[in-house]
Amino acid sequence: METHDIRIGSHVSVTPPNWTEHSRTPGYVGDRTGAVLDDYGTHPLPSSVVSGEPVDERLFSVRFDARDLFGDGDHSVHVDLYESALEVAHER
Amino acid sequence: MRGVHDVGGRDGLGPIPVNDEDAEPFHSDWEARIYGIYRAMAAKGIVNEHEMRSAVERIDPDRYLEATYYGRWVDAIELLIEEKGLALGDS
């Protein structure tokens, strides 16, 4: 993964969440591509808090086109996503 | 794979009322009580938000679908109490 390259403006794709982990990644962004809108710095990864060994990870706001997620709509959808769920996407 | 709790983006579940001025925070006293029990446990550091949300996601799927919002909290807190060894189940 090229997570170190993620910055505001990066195009990123989302690894689909494994439901048995408390990832806080909604399934509807899995395998979809969006653009990083904001960088919130580091926060404890929820699944690591649950397992009792908290690890800090970078957290980003990612903007998706509603059409890319749901098939229609002219609006955008902003989802907060942890670094380990993201990969730098190839230019479309 | 998506879990039963992961309903975001699914269609056909009907409208979600927003900005409902008349909405009450609780529908009955037991809901307020389970909310208070969670807040007290969190204030004492016995559980945290992530553990609570994870427990709600881990309750039985059939139960998840039929339960109300705070009904899920009851199941989740029972699960956490057992997992943390704070009390024994009644099975």
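# Exercises on a predicted two-chain model

The buried residues of α2(B) are covered by elements that include α1 (46-50) of chain A, along with α1 (29-43) and α4 (69-83) of chain B. The model is predicted. Work through the exercises with the structure in view.

## Exercise 1: A helix of chain B

Task: Find out why helix α2 (residues 49-58) of chain B is largely enclosed by the rest of the structure.

Solution. 
- Step 1. Apply the cut-off: a residue is buried if 20 or more other C-beta atoms lie within 10 Å of its own.
- Step 2. List the residues of α2(B) that pass. They are Glu51(B), Met52(B), Ser54(B), Ala55(B), Val56(B), Glu57(B) and Arg58(B).
- Step 3. Draw the conclusion. Seven of the ten residues of α2(B) are buried, so the helix is largely enclosed by the rest of the structure.
- Step 4. Look for the cover. It includes α1 of chain A, and α1 and α4 of chain B.

## Exercise 2: Where the chains touch

Task: Describe the side of chain A that touches chain B, by element and by residue class.

Solution. 
- Step 1. Start with the contacts. Ten residues of chain A are in contact with twelve residues of chain B.
- Step 2. Assign elements on chain A.
- Step 3. Pick the main contributor. α1(A) gives the most, with three residues.
- Step 4. Sort by class. This side of chain A has eight nonpolar and two polar residues, and no charged ones.

## Exercise 3: The sheet of chain A

Task: Trace the strand order of the open sheet in chain A and name its edge strands.

Solution. 
- Step 1. Begin with β1 (residues 11-14) and β2 (residues 33-44) of chain A. They run antiparallel and are joined by three bridges. In one of these strands, β2(A), Ala35(A) is the bridge partner of His11(A).
- Step 2. Move on to β3(A). Seven bridges join it to β2(A), again antiparallel. Pro44(A) has Asp56(A) in β3(A) as its bridge partner.
- Step 3. Continue to β4(A). Strand β3 (residues 56-65) pairs with it in the antiparallel sense over seven bridges. Here Leu59(A) has Tyr82(A) as its bridge partner.
- Step 4. Write the order. The five strands run β4-β3-β2-β1-β5, with antiparallel pairing, and the sheet is open.
- Step 5. Name the edges. β4 (76-82) and β5 (86-88) of chain A each pair on one side only.
- Step 6. Neighbouring strands are turned by 40 degrees against each other on average, direction ignored.

Terms used. Residues are numbered from 1 along each chain as its sequence is written. Chains are lettered from A and ligands numbered from 1 in the order in which they are written. This is a predicted model: local features need pLDDT of at least 70, side-chain atom pairs count only at pLDDT 80 or more; totals for chains, interfaces and linings use all residues. Two strands pair if DSSP finds at least two bridges between them. Helices (H or I, at least four residues) and strands (E, at least two) are DSSP runs, numbered from the N terminus. Axes are lines fitted to C-alpha atoms, for helices over the stretch in contact, and angles run from 0 to 180 degrees between N-to-C directions. A residue is buried if 20 or more other C-beta atoms lie within 10 Å of its own, exposed if 12 or fewer, and partly exposed in between; C-beta atoms are placed from the backbone. Two residues are in contact if their C-beta atoms, placed from the backbone, lie within 7 Å. Ala, Val, Leu, Ile, Met, Phe, Trp, Tyr, Cys and Pro count as nonpolar, Asp, Glu, Lys and Arg as charged, and the others, Gly among them, as polar.
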